[in-house]
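Work through these exercises with the structure on screen. Try each task before you read its solution.

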Amino acid sequence: MTSFSIFQNEQTNEIKAVKQSWNWVAFFFTYFWAAYNKMWGKAILTIVVLAGIYAISVNTADNFMFFNIACIVTAIDFGYKGNRTYMEKHLLSKGFKLKTTVQANSTEGALMLFNDSNKAT
């Protein structure tokens, strides 16, 4: 089972299910990926933080390992949250609101679960 975030546009009643999955492009290209997808704040913050860590750690080899670890952690964060972050930004800009998160085997299954739970209320 996979987690899906369910978004609904209250004006059009359109419903979208966003799979919360791994994004390889975001993992490998981190702040370039964020900038390409117009997530300027995330891209700039990542560059500033990594540049700051690099400036502090460049003096010694032991501290340079801290910079490498920071880069790996950043890449994992982008890969793990990439799809969800992009889709949420895209959908929120179009008037969608996050309604709930469901566990399902497919997008269609997630939408069916959401629709069934709404009928019950």
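**Exercise 1. Asn-13 and its loop**

Task: Find where Asn-13 sits, and decide whether Asn-13 is buried or exposed.

Solution. Step 1: Asn-13 is found in the loop between strand 1 and strand 2. Helices (H or I, at least four residues) and strands (E, at least two) are DSSP runs, numbered from the N terminus. This is a predicted model, where local features need pLDDT of at least 70, side-chain atom pairs count only at pLDDT 80 or more, and totals for chains, interfaces and linings use all residues. Residues are numbered from 1 along each chain as its sequence is written, and side-chain values use heavy atoms, with hydrogens and water left out.

Step 1: Asn-13 has a relative accessible area of 54%, so Asn-13 is exposed. The cut-offs are these: buried is under 20% relative accessible area, exposed is over 50%, and partly exposed is in between (1.4 Å probe, protein chains only).

Step 2: Check the backbone. Asn-13 is not a glycine, yet its phi is positive, about 65°. Most residues other than glycine have a negative phi.

Step 3: Look at Thr-12, which is in the loop between strand 1 and strand 2 too. Its relative accessibility is 51%, so Thr-12 counts as exposed. Thr-12 and Phe-96 are 84 residues apart along the chain, and their C-alpha atoms are separated by 9.4 Å.

**Exercise 2. Helix 1**

Task: What does a straight helix of 13 residues span, and what does helix 1 span?

Solution. Step 1: At 1.5 Å a residue, the straight helix would span 18 Å. The expected span is 1.5 Å times one less than the number of residues.

Step 1: Compare. The end C-alpha atoms of helix 1 span only 15 Å.

Step 2: Look for a bend. Helix 1 has a kink of about 115°, centred on Thr-30. The bend at a residue is the angle between axes fitted to the seven residues ending there and the seven starting there.

Step 3: Inspect Thr-30. Its phi is near 25°, a positive value in a residue other than glycine. With a relative accessible area of 11%, Thr-30 is buried. Ala-26, Trp-33 and Ala-34 are also among the buried residues of helix 1.

**Exercise 3. Salt bridges**

Task: How many salt bridges does a search of the whole structure find?

Solution. Step 1: Apply the rule. A salt bridge is a side-chain nitrogen of Lys or Arg within 4 Å of a carboxyl oxygen of Asp or Glu. The search finds three.

Step 1: Glu-10 and Lys-99 form one, at 2.5 Å from N to O. This pair links distant parts of the chain, 89 residues apart: Glu-10 is in the loop between strand 1 (2-9) and strand 2 (15-19), and Lys-99 is in strand 3 (residues 96-104). Glu-10 counts as partly exposed at 47% relative accessibility, and so does Lys-99 at 37%.

Step 2: Glu-14 meets Lys-16 at 3.4 Å, N to O.

Step 3: Lys-81 meets Asp-77 at 3.2 Å, N to O. Both lie in helix 3, four residues apart, about one turn of the helix.

**Exercise 4. A nonpolar patch**

Task: Which residues form the nonpolar patch on the surface?

Solution. Step 1: List them. They are Trp-22, Trp-24, Val-25, Phe-28, Phe-29, Phe-32, Ile-72, Ile-76 and Tyr-80, with about 1000 Å² of accessible area together.

Step 1: Assign elements. Helix 1 (24-36) and helix 3 (61-92) each give two or more residues. Helix 1 has the largest share, five residues.

Step 2: Check one member. Tyr-80 lies in helix 3 and counts as exposed at 55% relative accessibility.

Step 3: Recall the rules. Patches take residues with over 30% relative accessible area and no salt bridge; like charges are joined within 9 Å, nonpolar side chains (Val, Leu, Ile, Met, Phe, Trp, Tyr) within 5 Å. Accessible areas come from the Shrake-Rupley method with a 1.4 Å probe, and for residues only the protein chains shown count as cover.
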